[in-house]
Amino acid sequence: MRTLTNSGVPAAAPVPPKPWRAVTDRFPGIVLVGALAAVAIALGKIAWFESTGISALTLAIALGMIVGNTLYPRIARAGAGGVTFSNQTLLWLGIILYGLRLTFQDIATVGVPGVTIDFLVLSSTFALSWWMGTRLFGLDRKTAMLIGAGSSICGAAAVMATEPVVRGRAEQVTVAVSTVVVFGTLAIFLYPAIYYFSNRYHLLAMSPASYGIFAGSTIHEVAQVVAAGRSISEGAANTAVITKMVRVMMLAPFLAALSTYLSRSTDANEPSDAREPGNAHEPTDAHDPSGAPQSRIVIPWFALGFVGVAAFNSMGVLPKSMVGAAINLDTVILAMAMAALGVTTHISAIRAAGVKPLALAASLFAWLILGGGAINAGISAVLG
């Protein structure tokens, strides 16, 4: 049956969008973030950046913010499609391919004590961030969770992976990533000092191996863990990286658990994000836009993909050269996602966040050193 207009003339049938339009609409934005990612990767290979643990991902978001607050507003209409695609689809693909960086055999290397330490540090840090962020510092729940994810798991990558689950805004994600950069960089210099100071004055019996587990279980970014470990020895760095990668592997079950909790939370037992500052018009994960409760649990599919890729990598069927090439590709993809995030972030929004996110991140950093150190010592004493 044909639809008629008010004048009785048959209405024209809607014209379906042409497939190539999606490509052409995204092309300018993808080229922009791709160029920023290429520059960031090139800068990340400079010796000074490598020695300080400032990774290409960190540089990509910094460059993105510079362009986003200067040039991009003039070309936003043309670049929006590609930037959004990079900040969503490419991000999910990057998280999935991140699983190629570790294997299940890594768990056996650090043993039960290392896995237990990682789990306790992760869960305690995230819970502390949620409680302190919302109760003590008065932050909105999403910002507190994003900062907690970055501090407790794997830095910027964890923040980006958690963002789709909590439905955070670009400025909330950028604030969380910024705190990871600040305190993760500080850890590169502070942790070796703690090692030498404690051994010199016999405060703690810390071997290079135990230092590696301590660093890997408490420092934010993988690159920062490498830098802090190599300041002691190659053996300490290897142990630190393995411990860190086991912690990274916990990202998938963490996201699944967080998504399950958020989908089940209701106004009766969890404050809605709609009541938080800056979220007056945003539905929560437990409600649809009409306000009706949802019982559906949303499991992040990219987290499952991450575990699946890690499991496949554990079989050892792929040539090392192919794995290395895929990891390099993943770095490019994640750098593009970071650049896209930076492009869509406005300095005014970060300025409006104030010092509270930084104060929360500083408190978590102190907990990672003191509380994380106590967890390391206690589990090592009990489980050897």
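Ala, Val, Leu, Ile, Met, Phe, Trp, Tyr, Cys and Pro count here as nonpolar, Asp, Glu, Lys and Arg as charged, and the others, Gly among them, as polar. The structure described is a predicted model.

**Pockets**

On this classification, the lining of the second largest pocket comprises 14 nonpolar and six polar residues, with no charged residue. The lining of the largest pocket, by class, has 16 nonpolar, six polar and five charged residues.

| Largest | about 840 Å³ | 27 residues | Ser55, Ala56, Arg101, Ala223 and Thr331 |

At least two residues of the lining of the largest pocket come from each of helix 1 (19-44), helix 2 (47-51), helix 3 (56-68), helix 10 (222-230), helix 11 and helix 14. For the second largest pocket, helix 5, helix 9 (208-218) and helix 16 (356-383) each supply at least two lining residues. Helix 16 gives the most to this lining, with eight residues.

**Helix 13**

Helix 13 comprises 14 residues (301-314), which at 1.5 Å a residue should span 20 Å; the end C-alpha atoms are 20 Å apart, in agreement with that value. Its buried residues are Phe302, Ala303, Phe306, Val309, Ala310, Asn313 and Ser314. Because these cover an arc of only 145° around the axis, they lie on the same side of helix 13. An α-helix has 3.6 residues a turn, so residues three or four places apart point the same way.

The buried residues of helix 13 pack against helix 4 (72-97), helix 5 (105-136), helix 7 (156-166), helix 11 (234-249), helix 12 (251-264) and helix 14 (320-343). Just after helix 13, Gly316 adopts a positive phi of about 70°.

Conventions. Residues numbered from 1 in each chain as written. Predicted model: local features only at pLDDT ≥ 70, side-chain atom pairs only at ≥ 80, totals over all residues. Heavy atoms only, no water. Helix = DSSP H or I, 4+ residues; strand = E, 2+ residues; numbered from the N terminus. Expected span 1.5 Å × (residues − 1). Buried < 20%, exposed > 50% of the residue type's maximum accessible area, 1.4 Å probe, protein only. Arc of directions from axis to C-beta. Contact = heavy atoms within 4.5 Å. 1 Å grid on protein atoms, 1.4 Å probe; cavity = no way out; pocket = protein on both sides within 12 Å on 5 of 7 lines; lining within 4 Å. Points joined across faces, edges and corners; volume = space filled by probe spheres on them.
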